[in-house]
Amino acid sequence: MNNILSTLKSKKVLLCDGAMGTELQRRGLKVGDCPEEYNLSNSKMIQGIHKDYFDAGSDIVETNTFGANRLRLKFYDLKNRVEEINLAAVNNAMEVRPKDKFIAGSIGPLGELLEPLGNITENYAYDIFSEQAKILEEGGVDFILVETMMAIEEAVIAVKAVVENTFLPVAVSMTFELGKTGLKTPWGVDVQTAVTELTKAGTDIIGSNCGKGFDEMIQVIAEMRKLTTKPILAQSNAGIPELAGGNLYYKESPEIIASKVQELLTSGVNILGGCCGTTPLHIKKMREVLDLFLSNII
Amino acid sequence: MNIAIEELLQKLAISVIDGKHLEAVELTKQLLALNHTPKEILDNGLLAGMNVVGQRFRDNIIFVPQVLISARAMKFSLAILEPLLADSNIPAIGTVIMGTVKGDIHDIGKNIVSMMLRGNGFKVVDIGIDASHEKFIDAVKKENAQIVGMSALLTTTMLYMKAVIEKLKGEKLPVKIMIGGAPVSKAFADQIGADAYGKNASEAVRLAREFVDQENNN
Ligand code: B12
């Protein structure tokens, strides 16, 4: 089995998958349903999504485990099924993985606030992240992707939990928005602070995900590239969702993003992918642009 | 107004802006000891402070942690004022059922709206986060409420507001419905049949007052 870090060194840019959450909604997930529970009761749907991303050209897919930590599963009365759900999720990705492709174990935020703003102690947060990371490792993921972080404290705890409790490489991404005072997470963390603190915490790969669309993502990555030599990951939303005829839709279509993807690549991205609103069609378009880029045509 | 009092009110507003809850409590007590009315302490101290917080949040000068700390300071002070506001023999001007809709656990904004409504003389029954239409309907019936306030921060859960509105209308409950939360808009409110959309907590208060006035005029 190839190591993701050495592959990144030789190939320079890998393609991750697009959204899981919005893709599940598109395929029938109802408001109030637990997306991670579908790993058990709807494994065919999850495998179908992974397969569509691999078919579209993804080198990496992420497990459907964004909210599969003890705290968030408690919200759905599923807190005693952390292990079962995470293992099923890894299995769902493995079932459809072509040879030489990678599986990233997704870990999202706790969904509750850390002390002193909330009740979650640092130790408790560490234990929750460690638990999920260890199960994902046991299941056989190639690396852990800690994503959509907004508070730097929480991101650092999560990265340390992975580094100290598994042998896996770790990637971490935070969500930035462009406001009147520059690019910051909703917690007020700027790109410089994110890079410094997460590097100190021991991350192997650093990046940005979610957010308001590709234009802001390009700015984040350009800023990040100046601050680090580590591999950078970028998974943008397909814009901000809008309501049309009772349905939500994301404005940035596969056609629209093509030139923006090119810009992201020249800004120095090493793992490219999508977040909310991106579909297998977006990934297919990214594959085309990426292949041209890698063969030095553009 | 007395200069000392004005200074204290300004300090109270600043303690909310800076999120210093102990200071907010201390100043609230001092103002009460000077026989200043709870209503004015609320309006010119707490709410004045909270308005600045809202503005700074929108301008990206402060971020979520600071908003939470300010909300906590306001909550501590309000805990002292509330019994007094209720005590002054003024009946509540209306009852509001507030909740964050099903599938959504964001409650920071909803809590601020609830606080501001309470501060302005409404009885607020907060049914919490992840609230189903059953929960809204039960609360409306139980409390005989005139107003329902729904909050949603996710584009996926805002659609659930429509379901709640349909059920409320199905039950023929005579309530006015206002909605809010970052992804929600006036156009969306119109589309799903809500009576009003509120951009922030002060708007929520204005709307609730309008609803009550309309009812009194009928
Ligand atoms: C804080 C926060 C969280 C906290 C919530 C803590 C809590 N106890 O509430 C945590 C970390 C738990 C969280 C979790 C998630 N979050 Co979140 N979160 C936010 C954040 C940063 C701020 C929201 C907030 O509190 N704002 C401050 C308050 C004061 O503002 P407000 O809520 O808008 O309320 C004001 C007005 O809207 C109005 N108002 C509000 N309600 C009402 C009601 C009525 C009746 C009226 C009249 C007015 C009114 O008055 C309020 C006061 O002025 C936003 C991003 C942002 N910058 O806004 C993302 C955001 C809302 N979250 C998001 C997401 C995706 C999530 C998660 C799904 C995934 C994740 N990233 O972890 C989970 C959701 C879990 C769930 N099922 O709900 C997305 C939503 C995308 C979308 N549009 O669908 C956002 C926009 C971030 C992003 N850019 O991706 N989140």
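**Notes on the model**

1. Asp291(A) and Arg287(A) sit 4 residues apart in helix 12 of chain A, so about one helical turn separates them. The two form a salt bridge, with their closest N and O atoms 3.1 Å apart. Arg287(A) is buried because its relative accessible area, 16%, falls under the 20% cut-off. Asp291(A), at 38% relative accessibility, is partly exposed.

2. This is a predicted model, and its scores are ipTM 0.88 and pTM 0.89. For chain B the mean pLDDT is 91, with 97% of its residues at 70 or more. Among the elements of chain B, the highest mean pLDDT, 98, belongs to strand 3 (residues 147–151), and the lowest, 84, to helix 7 (residues 155–158).

3. The interface brings 19 residues of chain B into contact with 20 residues of chain A. About 1700 Å² is buried between the two chains, 72% of it on carbon and sulfur atoms. On the chain B side, Phe63(B), Thr155(B) and Thr156(B) lose the most area to chain A, and together they account for 26% of what that side buries.

4. Polar pairing across the interface of chain B and chain A comprises 4 residue pairs in polar contact, both residues being at pLDDT 80 or more. Helix 4 (64–87), helix 7 and helix 9 (186–192) of chain B each supply at least two residues of the side that touches chain A. Helix 4 of chain B gives the most to that side, with 5 residues. By class, the side of chain B that touches chain A has 9 nonpolar, 6 polar and 4 charged residues.

5. Over all chains the count is 26 salt bridges. One pair crosses between chains, running from Asp59(B), in the loop between helix 3 (38–58) and helix 4 of chain B, to Lys180(A), in the loop between strand 6 (177–179) and strand 7 (182–184) of chain A. Across the interface of chain B and chain A the rule finds 1 salt bridge. In the pair Asp59(B) and Lys180(A), the closest N and O atoms are 2.7 Å apart. Asp59(B) is buried, at 18% relative accessible area, whereas Lys180(A) is exposed, at 64%.

6. Within chain B, Lys142(B) forms a salt bridge with Glu143(B), the closest N and O atoms being 3.8 Å apart. Lys142(B) is exposed, with a relative accessible area of 70%, while Glu143(B) is partly exposed at 21%. In chain A, salt bridges that share partners join Glu23(A), Arg26(A), Arg27(A) and Asp52(A) into one network.

7. Two members of that network, Glu23(A) and Arg26(A), are also in contact with Thr279(A), as is Tyr53(A), leaving aside neighbours within four places in sequence. Thr279(A) lies in the loop between strand 12 (271–274) and helix 12 (280–294) of chain A. Its relative accessibility is 12%, so Thr279(A) counts as buried.

8. Asn64(A) is placed in the loop between strand 2 (60–62) and helix 5 (70–74) of chain A. Is Asn64(A) buried or exposed? Asn64(A) is buried, with a relative accessible area of 3%. Beyond its neighbours within four places in sequence, the contacts of Asn64(A) include Met20(A), Leu24(A), Pro35(A), Asn39(A) and His50(A). A polar atom of the Asn64(A) side chain lies 2.9 Å from the backbone oxygen of Pro35(A).

Terms used. Residues are numbered from 1 along each chain as its sequence is written. Chains are lettered from A and ligands numbered from 1 in the order in which they are written. Side-chain values use heavy atoms; hydrogens and water are left out. pLDDT is the predictor's confidence in each residue, from 0 to 100. Buried means under 20% relative accessible area, exposed over 50%, partly exposed in between (1.4 Å probe, protein chains only). Contact means heavy atoms within 4.5 Å. Buried area is the accessible area (1.4 Å probe) that two parts lose on being put together, summed over both. A salt bridge is a side-chain nitrogen of Lys or Arg within 4 Å of a carboxyl oxygen of Asp or Glu. A polar contact is a pair of N or O atoms within 3.5 Å; within protein, one must be able to donate a hydrogen and the other to accept it, and residues adjacent in sequence count only if both atoms are side-chain atoms. Ala, Val, Leu, Ile, Met, Phe, Trp, Tyr, Cys and Pro count as nonpolar, Asp, Glu, Lys and Arg as charged, and the others, Gly among them, as polar.
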